[in-house]
Amino acid sequence: MMLFSNLDFLKNLNVFHHFKEERIMDRIGLICRYLKENPHASQRDLAAKTGLSLGTVNTLMKECMNRRLIAQEKSFAGTYELTGPGDDMLDRYRVDGALILAAGFGSRFVPLTFETPKGLLDVFGERMIERQIRQLREVSVTDITIAVGYLKEKFEYLTDRYGAKLIYNPEYSTKNTLTTIYRCREALEGRNIYVLSSDNWLRNNMFHTYECGAWYSAAYMEGETSEWALSFNKKGRITDVHVGGRDTWVMYGPAYFSREFSAALLPLIEQYYQTPGTEQFYWEDVLREHINELEININRQPADQVYEFENLEELRAFDPKYQNRSDNTALQLVSQVFQTPESEVRELRCLKSGMTNKSFLFTLRGRTYICRIPGPGTELLINRKQEAAVYDAIRPLNLSEHVIYSNGRTGYKISEYYEGSRNADAKNWDDMAICMDLARRLHTSGVMVSHRFDIRERIDFYEKLCQAHGGTRFEDYETTRMQMDELMDNLDRLKRPDALSHIDVVVDNVLILADGTSRLIDWEYAGMCDPLIDVAMCAIYSYYNEEDADHLIRLYFQREPTREERLVVYSYIALGGFLWSLWAVYKSSIGEEFGEYTMIMYRYGKNYYRKIKKLGFLPS
């Protein structure tokens with residue numbers, strides 16, 4: 001049992017009375033707010049507006065009169081009005097601004113969100129974020145901050161239109177809303193602030209010029225739900241937050257942070273942000289784990305007030321426009337290719353975005369397909385006519401995916417999705433034997449195309465792109481580039497034969513089907529080249545060390561390679577790493593980051609050059 005001194009007891013008693021006074025003042029403020037918004041309101045009107053019992057309203061009205069905050073109106077019997085001190089008291093509850101969270105991707109709304117952030121989607125002709133901004137401005141809340149990340153430039157116009165301030169969260173793609181609140185903490189400190197999601201649609205304006213105490217919007221869910229369920233006491237204070245429940249009130253929609261609430265929450269946000277393992281935390285996780293310390297009330301809303309659309313199907317059901325006219329390039333294409341209304345394209349799901357393209361799954365007439373959308377800058381990196389020529393050439397080999405539609409100009413592609421298939425696993429040597437078998441079958445097929453994959457030309461090309469967008473960034477780039485030239489000159493002297501090569505035989509491009517067969521997909525870089533480049537590219541994408549790379553080489557040859565064969569693969573490991581590091585630097589310059597991939601690739605170039613040099617494979 002913990003013992004307290006008399007001084008501790010008095011301190012705790014004072015804190016208790018302070019919190020009690022704060023709660024009383026919040027309720028008094030609520031009465032004053034509704035009287036200001038609804039002149040001549042009766043006590044019964046106030047009870048209906050505030051959700052408090054008539055007895056509680058009567059008690060609060062007496063307290064307000066005792067404090068000379070309200071007075072009875074003479075011209076309207078049984079009604080009240082604010083006094084000057086009442087107006088002054090309300091100033092402490094004036095809402096200072098709003099923070100709108102708009103950094104996320106919105107994966108359940110692909111392909112719409114490949115082009116447009118979810119909060120900028122129209123609902124009945126009005127963008128969701130603009131509807132909320134308009135509602136805020138109707139109650140004189142004009143200081144608006146928007147936390148942005150994905151497609152951040154799309155929100156820039158809101159600064160001119162509404163005077164909104166933008167705060168960029170650079171971690172938006174790898175972390176959750178805990179990080180967004182951390183990044184925006186200065187906008188919250190010492191202020192009364194609404195915290196909204198850009199992708200909410202609010203039927204009626206639920207905002208006020210004054211708010212009395214922190215709250216979280218809630219909706220009642222009948223039956224089973226996986227939403228965050230709330231328990232609360234008779235006075236409306238939230239006492240527990242837990243995931244899932246049945247026939248319960250759940251967190252749904254906006255929240256309001258009073259300055260007192262933020263003063264208690266933000267130190268916890270900073271502490272959690274610094275703690276490993278919280279990368280995927282929502283800010284509500286902090287609230288849930290400290291609900292006894294963080295005083296916040298439930299703000300119960302009618303069933304049709306707040307809408308959080310979970311996917312495109314829900315948006316289609318709400319706004320008929322999206323059934324057959326989404327104004328989205330990819331959905332329009334699918335509709336045209338299959339000669340079907342957009343409403344028939346269902347179960348849209350985002351695939352993991354590739355390093356070059358974005359893709360989504362969809363179901364149509366009981367079958368599932370993949371639509372590929374070229375990524376930013378791809379038109380400079382990929383020759384789509386050459387890609388189409390490769391697909392035509394390899395069709396008899398039955399090596400690739402079944403392509404339904406391919407556009408050699410735009411790069412859009414629709415192909416069959418293989419249910420029950422999986423990607424190869426770089427840690428599974430049986431899978432890697434399948435990868436090498438696919439490569440070997442291609443190399444020995446005798447199929448040829450009219451274009452080459454020239455690694456020297458590609459390195460020169462990516463180098464020029466980087467130089468046009470801020471440089472190559474590596475301090476020792478000139479030295480490393482000369483080393484790569486040595487490797488390429490040496491390979492030229494060997495005059496090795498070409499074969500049709502995939503160039504990107506990596507585990508993500510190898511599908512192992514449910515029946516045990518396999519497919520090699522995504523032939524964007526394919527062309528005539530030294531076939532050993534495919535072994536090297538597979539090794540570096542798998543982040544293999546030397547021992548694993550040697551094992552992969554043996555799997556390809558199905559024997560012990562000659563010294564030259566091994567060192568040629570080593571040369572392509574170095575050159576491939578160098579090539580893709582330049583590719584990644586360029587992609588970064590146009591807004592796509594790949595984390596440590598850039599450094600790992602560059603390191604392959606340097607390490608394997610040294611290895612080759614040490615083994616005496618280069619002319620002295």
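## Contacts along and across the chain

In this predicted model, residues 24 or more positions apart account for 70% of the contacts in the chain with a separation of 6 or more. A contact here means heavy atoms within 4.5 Å. The chain holds 23 helices and 23 strands; these are DSSP runs numbered from the N terminus, with at least four residues (H or I) for a helix and at least two (E) for a strand.

Some reading notes: residues are numbered from 1 along each chain as its sequence is written, and side-chain values use heavy atoms, leaving out hydrogens and water. Because the model is predicted, local features need pLDDT of at least 70 and side-chain atom pairs count only at pLDDT 80 or more, while totals for chains, interfaces and linings use all residues.

## Size and surface

Along its principal axes, the C-alpha trace spans about 105 × 65 × 50 Å. The accessible surface of the chain is about 29,000 Å², and carbon and sulfur atoms supply 49% of that. Such areas come from the Shrake-Rupley method with a 1.4 Å probe, and for residues only the protein chains shown count as cover.

Of the 620 residues, 53% count as buried. Buried means under 20% relative accessible area, exposed means over 50%, and partly exposed lies in between (1.4 Å probe, protein chains only).

## An enclosed helix

How many residues of helix H20 are buried? In H20 (residues 532-541), 9 of the 10 are, so this helix is largely enclosed by the rest of the structure. The buried ones are Leu 532, Ile 533, Asp 534, Val 535, Ala 536, Met 537, Cys 538, Ala 539 and Ile 540. After H20 comes Tyr 543, with a positive phi near 60°.

## Two helix pairs to look for

Start with helix H18 (residues 455-468) and helix H19 (residues 477-494), whose axes come within 11 Å and cross at roughly 160°. Axes are lines fitted to C-alpha atoms, for helices over the stretch in contact, and the angles run from 0 to 180 degrees between N-to-C directions. H18 and H19 are therefore roughly antiparallel to each other; the classes are roughly parallel under 35 degrees, roughly antiparallel over 145, roughly perpendicular from 65 to 115, and oblique for the rest. On the H18 side, Ile 455, Arg 456, Ile 459, Asp 460 and Glu 463 meet Tyr 477, Arg 481, Asp 485, Met 488, Asp 489 and Asp 492 in H19. The residues of this contact divide into 4 nonpolar, no polar and 7 charged. Ala, Val, Leu, Ile, Met, Phe, Trp, Tyr, Cys and Pro count as nonpolar, Asp, Glu, Lys and Arg as charged, and the others, Gly among them, as polar.

Now find helix H17 (residues 429-443) and helix H21 (residues 546-557): their axes come within 8 Å and cross at roughly 50°. That makes H17 oblique to H21. The H17 residues Trp 429, Met 432, Ala 433, Met 436, Ala 439, Arg 440 and His 443 meet Asp 548, His 551, Leu 552, Leu 555 and Tyr 556 in H21. By class, 8 residues of this contact are nonpolar, 2 polar and 2 charged.

Most residues other than glycine have a negative phi, and most peptide bonds are trans. Arg 473, in the loop between H18 and H19, has a positive phi of about 80° although it is not a glycine. Arg 473 is exposed, with a relative accessible area of 52%. Gln 558 sits in the loop between H21 and helix H22 (563-589), and its phi is positive too, about 60°. Gln 558 is exposed at 60% relative accessible area.

Finally, the peptide bond from Val 110 to Pro 111 is cis, with omega near 0°. Pro 111 lies in the loop between strand S3 (97-102) and helix H5 (112-115).
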